[in-house]
Amino acid sequence: MSAPQAAGFASDAEQPASAAGLAAGLIDAEAERRERQAESQRDVVFADELLPGVGDAEVTLRQGLAAGGSATFLTLVTLAAMDELESAALGVLAPDIRDSFGMSNGAIVFISAASGAFLVLGALPMGLLADRYRRSRVIGWAGVAFSAMVFACGLAANAFLFFLARFGVGVAKSSTLPVHGSMLADTYPIGVRGRIATVNAGAARTIGALSPLAVGGIAALAGGSEGWRWPFLILGLPALAVAVWAFRLPDPPRGQHEMKSVLGEVVEDTNPMPISMEAAFARLMQIRTIKTCIIAFSALGFTLFTSGILGNLWAEDRFDMSTFERGVWGSVGGVSLLLALPFVGPRYDRLYRRDPARALSLLGYLILPGAALIPIQWFMPTGWAFMVAGIPAAILSSVTFAMVGPVMQSVVPYRLRGLGSALSAIYIFFIGATGGALLSGLISDAYDPRVAVLLIGVPATGIGGFLIIRSASFIKNDLSMVVHELREELEERDRQLEDPENIPVLQVNNVDFSYGHVQVLFDVAFDVRRGETLALLGTNGAGKSTILKVICGLGTPSRGVVRLNGRTITYVAPEQRGRYGVHLLPGGKGVFPDMTVRENLEMAAFRLRKDTEDRERRFAYVLDLFPDLRDRQSQQAGSLSGGQQQMLALAMVLMHDPEVLLIDELSLGLAPVVVQDLLAILERLKADGLTIVVVEQSLNIALAIADRAVFLEKGQVRFEGPARELAERDDLARAVFLGKEGG
Ligand SMILES: Nc1ncnc2c1ncn2[C@@H]1O[C@H](COP(=O)(O)OP(=O)(O)OP(=O)(O)O)[C@@H](O)[C@H]1O
């Protein structure tokens, strides 16, 4: 893109003559773009009652559970309780394990909390599996692995093996957030999500609250320095039984409750395309509620996961409390949390039905007081006062954490539920828990646990609370996006049912795209029919190449959808799209200059290396299409002329047997005679039935090959229709010829 033409900001008459004029023009153009960006975000806000779950009839928890069947809930709750029991066991037994393996405080804090990092390793694949496959199966296998690894913790012969077993436990546990969260959100109605989450947390905590007592009791009963092993050995068995049961759970249709609330019916994608992690993350991080909440919860993670262990170490070292005493106090804290949970879940659900922004800010306001309560606790003079004073802050942060699931699930696109939770798990556990563990371990070893908590816990709590409150201002906009997408899907489903013979090969709808914070595509939409050639024309920097990137998967739109033969491919990886037949001939040099023509073609045919017959067929087709290349197969590609190199690049793309060929700047820098040859080849490809989208600077060339044209200006479609009609639009045609805004 050439800089002076980039923004298309000035008419001929007002061409800026000086550097100052140029700068002023650029500033104006940027201000105008920002205005359009702000407008495009305002555009999608729907009235509250149209948002999913808002204004719906009240549902009691019993009705909600009955709607999805209580077996799923009970199984997932039990599995979550096992996780809790296991974590609590580690907290209570930390000093005994430390002494048994002769470790320092820092080492045991690190090993204990590092399962947060291991959890991250599992969260991504688990999230991906949850979005692609039957979730009950994923949950079952993860449960089996969990029970095996917990057992291994009890058998560990040394600190290193114990560390490895923790690694396994962490990875196996990683199914809880992405897979359970996705399953619960799709099984039970939106109106009970808060209560499901709090009951889930409450039930898990009930077992968790009793577990310090049970764990302390079992360890004391077993006695000796190795008594800590028995709680782990005993826990492995019930975990295995529940995991086996989980395989039988039904898998609900994805996004069914959002669809029922917004559309009144379920539009199920029975044959979804595989989702790419990169595309999913790119999309999720464009959703402001998600991004802000994820950062908020990771900040909270810095303190939440280490505070229990640091508290136990402090209680033992400073106040000389025994394992059993600490277990009792741990249980008291857990029971207190149980008293708070029944208030928060129903309140969140009620607020959410009225105003989702208030439901979210409630969570932020619950967190903030913790920043003041933490210092009070850590300056208490006696053991029991220390334990009692820790309860309020622990309750507030645990209650808020129980709500991560409902908040995330409400704004994540339903196809990305698993990966959405995985993304939050990465931030919360990897950055939050592991970062917090490392820092706390270091500070605790250098000073003491109190310094660690004051330096990390207080600011983390304040920042977390503030950010959650801030995220509340984005949620309605993001929920509106959900509504928009669901409506579009329903319309498209109806359109496909009405006219199944006439589904476009390629469909781009409502697409917004940003490079970082700079939005460059605004609500772009067009279809391409089978065998059609579509020209994408427009001013410099209008976004033509960016659209091609979005179609072939090199860019993920922040809004909107791309479909291939009626199936959504918005989140499909570029190489996967290649397998489905979407291929891009990028602008500029597209060959390996040091290789021969033949070697270049062989590189392109790499995917066909096992299918000799198909490979030969493609070679024959391509060499027949480009006789000039056939005669130069042993020539180095770098020594070919510009036109021949463009032919070779095209030949390489055609080796893939594309269904849709995307061409960026076909004629750029080529002599007219070469362009004529290329056009003849495109004619032949058209005759062979190939669907082509070509970005062209030259209107004449576009008109020569295209059936239809789309004219873009500043990221918006200004014209879509038969190519010859575009030629009649003087204003637009002039813009293409002159490379400036039409007047
Ligand atoms: N990688 C990038 N990072 C940031 N901004 C980019 C990037 N690529 C393109 N842009 C900007 O996005 C806008 C659209 O660019 P794009 O290349 O899609 O336009 P185009 O219509 O193909 O223009 P041209 O014909 O000049 O290539 C431009 O303002 C450009 O500066």
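Leaving aside its neighbours within four places in sequence, with which residues is G590 in contact? In this predicted model, the residues that G590 touches under that condition are L585, A649 and M652. G590 itself sits in the loop that runs between β6 (582-585) and α23 (597-604). Its surroundings hold 18 C-beta neighbours inside 10 Å, so G590 counts as partly exposed. The chain also brings G590 and Q646 to a C-alpha to C-alpha distance of 7.3 Å, although 56 residues separate the pair in sequence.

The chain has 30 helices and 10 strands. Its radius of gyration is 30 Å, close to the 27 Å that the globule rule gives for 743 residues, and the chain is therefore as compact as a globular protein of that length. The C-alpha trace spans about 90 × 55 × 55 Å along its principal axes. Of the 743 residues, 53% count as buried. Among contacts between residues at least 6 apart in sequence, 80% join residues at least 24 apart.

Two packed helices are described by the angle between their axes and the distance between the axes. Helix α3 (residues 70-101) packs with helix α13 (residues 323-354) at an angle of about 155 degrees, and their axes lie 10 Å apart. Angles over 145 degrees count as roughly antiparallel, and α3 and α13 are therefore roughly antiparallel to each other. The crossing of α3 past α13 is right-handed. On the α3 side, the contact is made by A88, G91, V92, P95 and D96, while α13 contributes T323, R326, G327 and G330. Sorted by class, this contact of α3 with α13 comprises three nonpolar, four polar and two charged residues.

Two loop residues stand out by their backbone angles. Most residues other than glycine have a negative phi. D320, however, has a phi near 60 degrees, a positive value in a residue other than glycine. D320 is found in the loop between α12 (288-319) and α13. With 9 other C-beta atoms within 10 Å, D320 is exposed, because the limit for that class is 12 or fewer. K714 likewise has a positive phi, near 50 degrees, and is a residue other than glycine. The loop that holds K714 lies between β9 (708-713) and β10 (716-722). K714 has 21 other C-beta atoms within 10 Å and is therefore buried, whereas D320 is exposed.

Technical notes:
Residues are numbered from 1 along each chain as its sequence is written. This is a predicted model: local features need pLDDT of at least 70, side-chain atom pairs count only at pLDDT 80 or more; totals for chains, interfaces and linings use all residues. Axes are lines fitted to C-alpha atoms, for helices over the stretch in contact, and angles run from 0 to 180 degrees between N-to-C directions. Helices (H or I, at least four residues) and strands (E, at least two) are DSSP runs, numbered from the N terminus. Angles under 35 degrees count as roughly parallel, over 145 as roughly antiparallel, 65 to 115 as roughly perpendicular and the rest as oblique. A crossing is left-handed if the near helix is turned anticlockwise from the far one by less than a right angle, and right-handed if clockwise. Two residues are in contact if their C-beta atoms, placed from the backbone, lie within 7 Å. Ala, Val, Leu, Ile, Met, Phe, Trp, Tyr, Cys and Pro count as nonpolar, Asp, Glu, Lys and Arg as charged, and the others, Gly among them, as polar. A residue is buried if 20 or more other C-beta atoms lie within 10 Å of its own, exposed if 12 or fewer, and partly exposed in between; C-beta atoms are placed from the backbone. The radius of gyration is taken over C-alpha atoms; the globule rule is 2.2 Å times the number of residues to the power 0.38.
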